[in-house]
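Subject: Structure handover

Hello,

Here is the structure I promised to pass on. My notes on it follow below.

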Amino acid sequence: MRDYPRFGLATMVRLGLFQAGLGMMSVLMLGILNRVMISELAIPPLVTAGVIAMHQLVAPARVWFGQMSDARPVAGTHRTGYVWLGAGLLALLAWGVVQITWQVAARMPMGWDGVTWAWVVLLGLGFALYGLAVSASSTPFAALLVDISDEDNRSQLVGVVWSLLMVGIIVGAIVGSGLLKQVEVDAAATVVRSSMNRLFTIVPLGVVGLAVAATVGVERQFSRYRLRSQVVEREDQITLGRALRVLTASPQTGLFFSFLLCMTLGLFMQEPVLEPYGGAVFGMPIAATTRLNAYWGLGTLLGLGVTGFLIVPRIGKRPTTMLGCGLVALSFVGIMLAGWVGQGWLFTLMVFAFGLAAGVTTTGALTLMLDLTLAETAGTFIGAWGLAQALARALATLCGGGLLELGSRWFGAGNFWAYVPVFGIQILLLLGAITLLRRVDVQAFTQGTRAALGELLVENLE
């Protein structure tokens, strides 16, 4: 039996480069482009939220991509080939989405006729394809983390890798702010367009390079997939249907799935409204609201690092996650308070606090999520947990944009009170997530899914 080496901090950091790239793309697609569509191009918030949410509504494909990486190696690797292909496609599609956005904006002065709606539908399709590319890359990457890690170093791996995600968000915010610094409020459309095209050309190309640099050689050197799997050399026998049987064997699966939905909704419903909130309530220009990503990222980076190395080893994964959910709820109270009193400095501070609390929550939840897998079907399990998160992100984007639309009609566009329902509902969702998490039992999950896998293997031998 091959003696697999354990990776060190340098490898953790290198793997984090992939997440750094995804963080940069998140700033571009969900922060900057969202703000430009709503504020600079005057595309209605609900329409903007609807098309952006399409990249999460294709989330069921995550399960399929995860199962494919379990069962169908690419160029002799179960994960790396999918990571590279997905990264290349997401860079190309991100640039294409921006080009379609200009066409939608150009048609809007002519009214919402059939041609305008056709461009909107095409824009939604572009976001959907972008979401598929992200799923094809990120799901096998998360499964790779399961393959190479052990229970005693998994929280450290998660802390470092997701810290680099925050570094990517910070870098993306800084780069975006720098490339868009000439785009002030009410800037000319040609200035907005040229600056955005340049941004969406430079950053995606860099993301592809980061994906390759992060993963090259790691799987071949550190993966325990073949060592751990009971079905080594028989990967094709774990079909999607059989993998789903193992996935659904334990009631804990549905419980944890529900927790992820609730927690993710609570964390991300603010995503399509936070930057417009900064612009409308505090009068921030586009460069300033883009920098909010850096403040949030710094807080999350600190939260991830402290949690992975200090909090989780001391109090455990589930208590850490519940603590984080409570802290995030408090940060939303602070964000509302800042808007009520009209203090921009307090808003910025609360965005940083939100990031810190999100880092605690993310580390606890992700470490728990990686524990809730089996080696033989790691990709499928990661795909399922990714599905829960992606569906929640899509619903969060739709609900956030929809609630802002309703709030704007009730209280007037740009009014502080138009944003209060979004933050208030997030607080309730996070409290609900804590209640669900109290019922999650990792040991019961492991026993149920391991028994189901054993039954499947017996069937294959008959």
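Accessible areas here come from the Shrake-Rupley method with a 1.4 Å probe, and for residues only the protein chains shown count as cover. On that basis the chain has an accessible surface of about 17,100 Å². Carbon and sulfur atoms hold 67% of that surface.

Some ground rules. This is a predicted model, in which local features need pLDDT of at least 70 and side-chain atom pairs count only at pLDDT 80 or more, while totals for chains, interfaces and linings use all residues. Residues are numbered from 1 along each chain as its sequence is written, and side-chain values use heavy atoms, with hydrogens and water left out.

The overall picture

The chain has 18 helices and zero strands. Both are DSSP runs, numbered from the N terminus: helices are H or I with at least four residues, strands are E with at least two. The chain has 462 residues, and 59% of them count as buried. Buried means under 20% relative accessible area, exposed over 50%, and partly exposed in between (1.4 Å probe, protein chains only). Contact means heavy atoms within 4.5 Å. Take the contacts in the chain with a separation of 6 or more: 85% of them join residues 24 or more positions apart.

Helix packing

Two packed helices are described by the angle between their axes and the distance between the axes. Axes are lines fitted to C-alpha atoms, for helices over the stretch in contact, and angles run from 0 to 180 degrees between N-to-C directions. Angles under 35 degrees count as roughly parallel, over 145 as roughly antiparallel, 65 to 115 as roughly perpendicular and the rest as oblique. A crossing is left-handed if the near helix is turned anticlockwise from the far one by less than a right angle, and right-handed if clockwise. For residue classes, Ala, Val, Leu, Ile, Met, Phe, Trp, Tyr, Cys and Pro are nonpolar, Asp, Glu, Lys and Arg are charged, and the others, Gly among them, are polar.

Start with α1 (residues 9–40) and α4 (residues 80–107). Their axes lie 12 Å apart, at an angle of about 15°. That makes the two helices, α1 and α4, roughly parallel. Their crossing is left-handed. From α1 the contact takes Phe 18, Leu 22, Met 25, Met 29, Leu 33 and Met 37. From α4 it takes Val 83, Leu 90, Ala 94, Val 97, Val 98 and Thr 101. By class, the contact of α1 with α4 has eleven nonpolar residues, one polar and no charged.

Next, α12 (residues 274–282) and α14 (residues 317–341). The axes come within 10 Å and cross at roughly 25°. α12 and α14 are therefore roughly parallel to each other. This crossing, too, is left-handed. Tyr 277, Val 281 and Phe 282 of α12 meet Ile 335, Met 336, Ala 338 and Gly 339 of α14. Six of the residues in the contact of α12 with α14 are nonpolar, one is polar and none is charged.

α12 also packs on α13 (residues 286–315). Here the axes come within 9 Å and cross at roughly 135°. That makes α12 oblique to α13. The crossing of α12 and α13 is right-handed. Leu 274, Glu 275, Gly 278 and Gly 279 of α12 make the contact with Thr 289, Thr 290, Leu 292 and Asn 293 of α13. The classes in the contact of α12 with α13 are two nonpolar, five polar and one charged.

The neighbours listed here leave out residues up to four places away in sequence.

- Gly 172 is in α6 (residues 154–179). Its relative accessibility is 1%, so Gly 172 counts as buried. Gly 172 touches Met 24 and Val 27. Its C-alpha is 9.8 Å from that of Ile 32, 140 residues apart in sequence.
- Thr 367 is in α15 (residues 344–371). Thr 367 is buried, at 0% relative accessible area. Thr 367 touches Ser 155, Val 158 and Lys 317. The C-alpha atoms of Thr 367 and Gly 308 are 8.7 Å apart, across 59 residues of chain.
- Ala 433 is in α17 (residues 420–437). Ala 433 is buried, at 0% relative accessibility. Ala 433 touches Phe 259, Cys 262, Met 263 and Cys 325. Ala 433 and Gly 266 are 167 residues apart in sequence and 8.3 Å apart in space, C-alpha to C-alpha.

Best wishes
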